[in-house]
Amino acid sequence: MSIIALLTDFGLNDNFVGVMKGVIYHINPEVKIVDLSHQIESHNIHEAAFLLKSSYPYFPEGTVFLIVVDPGVGSERKSVIVETEKYLFVAPDNGVLSFLMERDIKRIIQITNEEYFLKPVSRTFHGRDIFAPVAAHLSKGEKVEKFGPGTRKIEKLTFPEPQVKNNRLVGEVIYVDRFGNLITNINQDTFLRFIKGKKFQIVIGKAKISKISSSYQEGKEGLPVGIFGSFDNLEILLYRDDASRLLNLHKSSKIYVEKSTTRS
Amino acid sequence: MSIIALLTDFGLNDNFVGVMKGVIYHINPEVKIVDLSHQIESHNIHEAAFLLKSSYPYFPEGTVFLIVVDPGVGSERKSVIVETEKYLFVAPDNGVLSFLMERDIKRIIQITNEEYFLKPVSRTFHGRDIFAPVAAHLSKGEKVEKFGPGTRKIEKLTFPEPQVKNNRLVGEVIYVDRFGNLITNINQDTFLRFIKGKKFQIVIGKAKISKISSSYQEGKEGLPVGIFGSFDNLEILLYRDDASRLLNLHKSSKIYVEKSTTRS
Amino acid sequence: MSIIALLTDFGLNDNFVGVMKGVIYHINPEVKIVDLSHQIESHNIHEAAFLLKSSYPYFPEGTVFLIVVDPGVGSERKSVIVETEKYLFVAPDNGVLSFLMERDIKRIIQITNEEYFLKPVSRTFHGRDIFAPVAAHLSKGEKVEKFGPGTRKIEKLTFPEPQVKNNRLVGEVIYVDRFGNLITNINQDTFLRFIKGKKFQIVIGKAKISKISSSYQEGKEGLPVGIFGSFDNLEILLYRDDASRLLNLHKSSKIYVEKSTTRS
């Protein structure tokens with residue numbers, strides 16, 4: 001009982017996702033298909049990489065992840081299968097797998113074996129003609145080496161990293177979820193290593209926050225709350241309200257952590 | 001072959017729903033997962049309760065309903081399993097199960113047994129860390145009493161009920177569907193008991209309606225139509241048009257049924 | 001292991017789709033359900049017919065397609081099962097199956113046998129009360145002739161066809177996908193037969209295009225690109241941008257192919 005998990009920027013209005021599922025079931029009628037998201041912003045490889053990173057560890061061993069966020073479809077960009085200890089990833093080699101750890105990667109295959117493709121291969125929909133059939137065959141247990149030659153590296157994107165400048169930790173909002181919560185690129189580790197047990201102040205837009213909360217409810221009075229959320233990163237939010245809209249903050253908005261000289 | 005039906009306010013842009021499914025399949029690879037809706041208005045427990053009520057009776061016996069509309073996540077609100085003659089419901093105890101009938105409820109369990117949780121339990125995503133794993137174990141046949149102690153009551157919300165005032169039946173719009181149809185809180189029973197076979201006039205916004213239609217087509221001339229729809233409640237709609245937009249009526253808009261003194 | 005593929009205009013906010021799935025699993029717990037799309041524009045039968053046409057050939061033999069775009073629900077419109085060599089289609093007889101080829105159709109059944117309906121049949125939700133149970137029984141292998149008498153014809157819609165006028169091939173945009181790509185009604189065959197190897201110019205809004213591209217990347221300089229896309233029709237697009245928005249072109253916008261008198 002294998003699983004294919006889909007992550008695309010195809011949206012749900014068109015039939016792109018449905019057609020890919022048709023192709024997959026045609027090849028492997030027994031597989032289960034899970035939608036991770038199809039609402040990645042069009043062509044936004046960074047967003048896809050981020051959501052994939054925070055999703056895949058929750059899936060059972062053997063899951064095949066099929067990622068089609070592919071602005072370079074039809075160009076010279078390569079397509080790859082990446083095998084880790086537990087999972088298989090099928091994707092265009094455009095950086096969408098940037099968060100996979102070197103140490104976890106067992107093998108990288110460049111997908112070239114046209115035997116597994118739907119013919120004729122269109123110029124614009126490799127999700128249907130290449131990626132879906134390859135993922136389906138993998139989910140049936142086809143060996144990864146059958147799909148093409150091994151290769152050494154995959155594309156890596158750079159992501160904005162928090163930095164220390166003028167004694168402040170400077171990060172930014174990298175994702176806004178459907179509730180309007182602002183997810184920053186500052187994870188718990190980086191935060192704790194910076195403040196070293198001292199008092200601190202978080203400044204983002206016009207908001208100032210001087211503690212880390214342990215639940216949304218601490219924002220009941222209407223003040224912005226900072227919390228280490230399910231993405232393991234510092235989130236800024238308003239209790240039962242849309243922080244992005246009300247604080248006028250968005251992806252790329254800067255966040256500053258200032259530390260006092262006194263112990264907290 | 002068991003089924004878990006999901007109802008959340010997580011939307012489909014983020015990976016919240018996909019991750020919950022990963023967690024579920026991790027524990028029970030054989031289960032089927034059905035999406036009831038993930039587009040409940042953020043934190044709107046009333047809406048979730050209403051949609052659940054009009055959905056669950058259509059599912060096969062043994063279905064586990066997993067409802068995560070949970071503005072109180074991380075607070076002191078409890079989590080419960082409710083067992084009825086036919087179904088199991090897993091949810092935060094915040095009123096989202098208000099429509100379950102006392103007489104149908106066999107048992108209520110407060111979820112406390114951390115053995116079934118994903119560790120560490122986050123402060124912000126109990127859907128992933130508590131509710132999904134509990135539902136998955138239930139779907140595998142784990143006994144409900146394993147998850148915690150029995151309890152007597154669940155939270156009940158109050159919903160606006162139609163009332164008779166000055167010889168008029170006064171109700172309100174409680175839901176607007178994707179077609180712009182206005183679903184009111186007046187069900188067929190209440191309506192018939194009020195008009196008692198007399199002539200009547202329905203007044204909502206600027207619209208006046210003097211009969212109950214038996215199909216949308218009766219609105220072909222462009223006039224508003226009143227019909228007892230699939231929710232079993234009085235719906236006001238425009239044929240092939242968006243009544244909410246064109247009549248400028250919304251959730252909470254009042255509706256009045258006036259009865260004539262003559263027989264219809 | 002049978003499959004039911006769903007195509008509706010129900011959207012994903014309400015519980016309509018979820019309830020239909022409940023009904024289906026109630027009858028056939030073993031079936032797989034695939035969402036083709038639920039975001040067909042409300043009541044837009046032409047759009048549903050077009051998306052169905054470009055989807056169904058990718059599904060495995062035996063798939064049951066369940067199409068509920070049904071503005072005439074509750075009226076005198078008929079409901080049908082159409083059996084082709086490979087597939088079964090269940091739908092209101094309103095033209096949504098217009099693209100099925102006469103030569104592929106083996107049998108048409110008018111759905112009348114109320115034994116298979118959910119009772120009482122509502123006036124407004126035949127998707128739940130008629131179409132879902134019929135599709136579920138079909139997916140279990142129930143014989144098509146059980147559902148009602150045979151009939152000879154199904155409704156056919158007319159679709160805008162490209163025409164030659166004043167020595168120009170005149171087509172129009174029939175679909176805009178989520179990326180803003182403009183899909184026209186000019187397919188590759190019609191195009192090639194018109195230009196007969198001559199030089200040509202494509203005119204759409206203010207854009208002029210003088211070649212057919214073989215990948216999106218050819219639009220890197222920001223100019224509009226014409227390509228035969230995954231729908232096999234001429235698509236006009238902007239590389240990594242929204243052609244519909246930026247060129248101010250929409251469904252029904254005209255497209256002209258002008259041919260030079262010299263060979264290309």
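1. Between chain B and chain A the count of salt bridges is zero, a salt bridge being a side-chain nitrogen of Lys or Arg within 4 Å of a carboxyl oxygen of Asp or Glu. The model is predicted: local features need pLDDT of at least 70, side-chain atom pairs count only at pLDDT 80 or more, and totals for chains, interfaces and linings use all residues. Residues are numbered from 1 along each chain as its sequence is written, chains are lettered from A in the order in which they are written, and side-chain values use heavy atoms, with hydrogens and water left out.

2. Across the interface of chain B and chain A, 18 residue pairs are in polar contact, both at pLDDT 80 or more (a pair of N or O atoms within 3.5 Å; within protein, one must be able to donate a hydrogen and the other to accept it, and residues adjacent in sequence count only if both atoms are side-chain atoms). Helix 1 (residues 16-27) of chain B gives the most to the side of chain B that touches chain A, with eight residues.

3. Chain B brings 34 residues to the contact and chain A brings 30 residues, where contact means heavy atoms within 4.5 Å. The area buried between chain B and chain A is about 2,800 Å², of which carbon and sulfur atoms give 56%; buried area is the accessible area (1.4 Å probe) that two parts lose on being put together, summed over both.

How values were computed: Helix = DSSP H or I, 4+ residues; strand = E, 2+ residues; numbered from the N terminus.
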